[in-house]
Amino acid sequence: MADESWRLPNSVQQLASTVQEPPSRYLLREEEPLGRNLAGTEMPEPIPMIDLGLLSASNDADEAAKLRSALLTWGFFQVSNHGMEASLMDFVMTASRDFFLLPLEEKRKYSNLIDGKHFQMEGYGNDQVKTPNQRLDWSDRLHLKVEPEDERNLDHWPIRPESFRDVLHEYTLKSKRIKDDILRAMARLLEIDEDCLVNQFSDKALTYARFNYYPPCPRPDLVLGIKPHSDVFALTVLLMDKDVQGLQVLRDGTWYNVPTVSNYTLLINVGVTMEIMTNGVFRGPVHRVVTNAEKERISVAVFYGMDPEKEIGPIADMLNEEQPARYRKMKNKDFLVAHYEHFTRGERVVDSLKI
């Protein structure tokens, strides 16, 4: 029987504590299209900051203009005055760190490998390894479906730390309200019905929470925490590490370092599902995560997607004779499968749907 041990990557957290040099499967290669220079460039202007309370309550013209500029230039922005308590955000980060500090055997109770070898999306571990020569990312993650609520698989939800489940449930509820406020603001910018984008998300729409752990890496000049990609879902709400930088975004061929955020702001970015829905008006930015030689880094992303059975494509309100559809339609569950095939190769699936 052929050796397929390459399909089962090690815990990177455990690996980081035992090696002086990263194994070759983690090292960047000369032929990678987006280059090996991981230092990044400082952003030419601060991350756009949107006062979501002001924007939602009065559709303030200045806030709306900042949001439009952010969506058309970067594809991401910060939100303040969003209604989520600072204490809850702290609890989420503390629970995340406490989980990753558990012994490996405890974390493996929530493994994303069935019978220790068959990959599934949910659970603790690493992203799927499709080929023996696939370059691996220097990170571990816990990936959980949080909506629809009746489809949660609590077998994958940690019971340690004890607060984890309650904190994640509360965070999910508050994050959803933020998502809806942002979607309504985006709809107003597009001059379509205010609830048009919100209504694309049925009670079967998928929401995932992903807890990312990036251990210190002895070669941050040669190893990525997460490979370049665009998020596949419609919108991402990201709770970033306040102390350790690592996120980079690609714009006009240059990788820019996204600075750490403070004062309990959240980072929002557009995914490629939204890019398709808006017929390319709002694009999902390509981004990656670099590593740090001395410090660990943690982030928590909530991804908002569609009903797996829904056909995604440009919404009707965005189309006319002058602006025909730029993307072909595809059932969402097939789109997700295609995305993960492209993701392992560092490619954007949305580009394959362009007409």
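Leaving aside its neighbours within four places in sequence, which residues is Thr278 in contact with? We will start with that residue and then step back to look at the whole chain. Keep in mind that this is a predicted model.

**Thr278 and its surroundings**

The partners of Thr278, once neighbours within four places in sequence are set aside, are Leu190 and Met318. You can find Thr278 in the loop between H7 and E14. Is Thr278 buried or exposed? With a relative accessible area of 0%, Thr278 is buried.

Move along to Asn279, which sits in the loop between helix H7 (272–277) and strand E14 (287–290). Asn279 counts as buried too, at 4% relative accessibility. Its backbone deserves a look: phi of Asn279 is near 60°, a positive value in a residue other than glycine.

Asp252 has its place in the loop between strand E11 (247–251) and strand E12 (254–257). Is Asp252 buried or exposed? Its relative accessible area is 75%, and the cut-off for exposed is over 50%, so Asp252 is exposed.

Now turn to the loop between strand E7 (140–147) and H6, where Pro148 lies. Pro161 is found in the loop between E7 and H6 as well.

| Peptide bond | Form | Omega |
|---|---|---|
| Glu147 to Pro148 | cis | near 0° |
| Arg160 to Pro161 | cis | near -5° |

**A lysine in helix H6**

What is the relative accessible area of Lys174? The value is 12%, and buried means under 20%, so Lys174 is buried. Which side chain does the side chain of Lys174 meet in a polar contact? That partner is the side chain of Glu85, at 2.8 Å. Leaving aside neighbours within four places in sequence, Lys174 is in contact with Met84 and Leu88 as well as Glu85.

**The whole chain**

With these details in mind, zoom out. How many helices and strands does the protein chain have? Its secondary structure comes to eight helices and 17 strands. The radius of gyration is 20 Å, close to the 20 Å that the globule rule gives for 355 residues, so the chain is as compact as a globular protein of that length. Along its principal axes, the C-alpha trace spans about 55 × 45 × 40 Å.

How much of the chain is buried? Buried residues make up 54% of the 355 residues. As for the contacts with a separation of 6 or more, 77% of them are between residues 24 or more positions apart.

Finally, consider the surface and the charges. The accessible surface of the protein chain comes to about 15,900 Å², and 48% of this belongs to carbon and sulfur atoms. The chain carries 43 positive and 55 negative side chains. How far apart are the centres of these two sets? They lie 4 Å apart.

Notes. Residues are numbered from 1 along each chain as its sequence is written. This is a predicted model: local features need pLDDT of at least 70, side-chain atom pairs count only at pLDDT 80 or more; totals for chains, interfaces and linings use all residues. Side-chain values use heavy atoms; hydrogens and water are left out. Helices (H or I, at least four residues) and strands (E, at least two) are DSSP runs, numbered from the N terminus. The radius of gyration is taken over C-alpha atoms; the globule rule is 2.2 Å times the number of residues to the power 0.38. Buried means under 20% relative accessible area, exposed over 50%, partly exposed in between (1.4 Å probe, protein chains only). Contact means heavy atoms within 4.5 Å. Accessible areas come from the Shrake-Rupley method with a 1.4 Å probe; for residues, only the protein chains shown count as cover. Lys and Arg count as positive and Asp and Glu as negative; His and the chain ends are not counted. The place of a charge is taken as NZ of Lys, CZ of Arg, CG of Asp or CD of Glu. A polar contact is a pair of N or O atoms within 3.5 Å; within protein, one must be able to donate a hydrogen and the other to accept it, and residues adjacent in sequence count only if both atoms are side-chain atoms.
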